[in-house]
Every structure is written in structure tokens, then in C-alpha cells.
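Biologist: Please show me the sequence and the model. I would like to go through them with a few plain questions.

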Amino acid sequence: PPPDTTTPTVSFTALSGVVAGTIVVQASATDNVGVTSVQFTLNGVSLGAADTVAPYSVSWNTTTVADGVYTLGATASDAAGNTATTTQQVSV
């Protein structure tokens, strides 16, 4: 069979622009063969371990950071090593 060159798709679900307290950051990810994991990041730094089971999510305690604007990221990966990333800015 030909190699898998199709990248996954990933998007945040129910993430508002202003957050407070401990929130659940959740993403939806799909792939033509299958998503193996979604890694969440905060300003480019991993926010916990990669989630390998849908629905993909991570808890974030926003009280551990100063008030300001942050970039949340979600990177979906498939077994062939293809990745796709989405980002969204949120205010704390």
C-alpha cells in the first residue's frame, strides 16, 4: 500500500477566549487512518502528557500563571508521524 501522507485534522472544542480557575481544554482530532495522540501545549510548552484516547483533553489550573494572554496549542499525530497543530489565544 502507498505510505500514509495525509495529516490529521485537529480543533479545539468549547474553548472560550477568557478562562479562569481549573478548566478542561478539549480538542477533536481525526485522521484517514487514525489519531495516535494529541499533545496540548501552553505557549509552546507541553501541558501534561500526550492524550492517546478520545475525547482528547487536559486539565489546566489557570491560577498557576499570571493574568495575561496565553497561546494554547493542540498537536494531533498519526501512526505514520504526520502531525497537525491548531492554536488559540486565551486570556486569564
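Biologist: How many Å² does the accessible surface of the protein come to, and what share of it belongs to carbon and sulfur atoms?

Modeller: This is a predicted model, in which local features need pLDDT of at least 70 and side-chain atom pairs count only at pLDDT 80 or more, while totals for chains, interfaces and linings use all residues. Residues are numbered from 1 along each chain as its sequence is written, and side-chain values use heavy atoms, with hydrogens and water left out. Accessible areas come from the Shrake-Rupley method with a 1.4 Å probe, and for residues only the protein chains shown count as cover. The accessible surface comes to about 5000 Å², and the share of carbon and sulfur atoms is 54%.

Biologist: Which elements make up the secondary structure of the protein?

Modeller: Helices (H or I, at least four residues) and strands (E, at least two) are DSSP runs, numbered from the N terminus. From that end on, the elements run β-β-β-β-β-β-β. The count is 0 helices and 7 strands.

Biologist: What is the bridge partner of Leu42 in E4?

Modeller: E3 and E4 run antiparallel and are joined by 2 bridges. The partner of Leu42 in E4 is Val45.

Biologist: Which residues form the covered face of E1?

Modeller: E1 pairs with E2 in the antiparallel sense over 5 bridges, and Thr9 has Thr30 as its bridge partner in E2. The uncovered face of E1 holds Thr9, Ser11 and Thr13, and the covered face holds Val10 and Phe12.

Biologist: Which residues touch the most other members of the largest nonpolar core?

Modeller: A nonpolar core is a set of buried Ala, Val, Leu, Ile, Met, Phe, Trp, Tyr and Cys residues joined through side-chain atoms within 4.5 Å. Buried means under 20% relative accessible area, exposed over 50%, partly exposed in between (1.4 Å probe, protein chains only). Strands E1, E2, E3, E5, E6 and E7 each supply at least two residues of this core. Of its 22 residues, those that touch the most other members are Val25, Val38, Phe40, Trp60 and Leu72.

Biologist: Which two residues form the aromatic pair, and at what distance centre to centre?

Modeller: Rings of Phe, Tyr and Trp (its six-membered ring) pair if their centres lie within 6.5 Å; planes under 30 degrees apart count as stacked, over 60 as edge-to-face and the rest as tilted. The structure holds 1 such pair. With 75 degrees between the planes, the pair is edge-to-face, and its members and distance are Trp60 and Tyr70, 6.2 Å. Trp60 lies in strand E5 and Tyr70 in strand E6, so the pair ties together parts 10 residues apart in sequence.

Biologist: Is Thr62 buried or exposed?

Modeller: Thr62 sits in the loop between E5 and E6. Not counting residues up to four places away in sequence, Thr62 is in contact (heavy atoms within 4.5 Å) with Val19, Ala20, Gly21, Ile23 and Val92. The relative accessible area of Thr62 is 2%, so Thr62 is buried.

Technical notes. Pairing = 2+ DSSP bridges.
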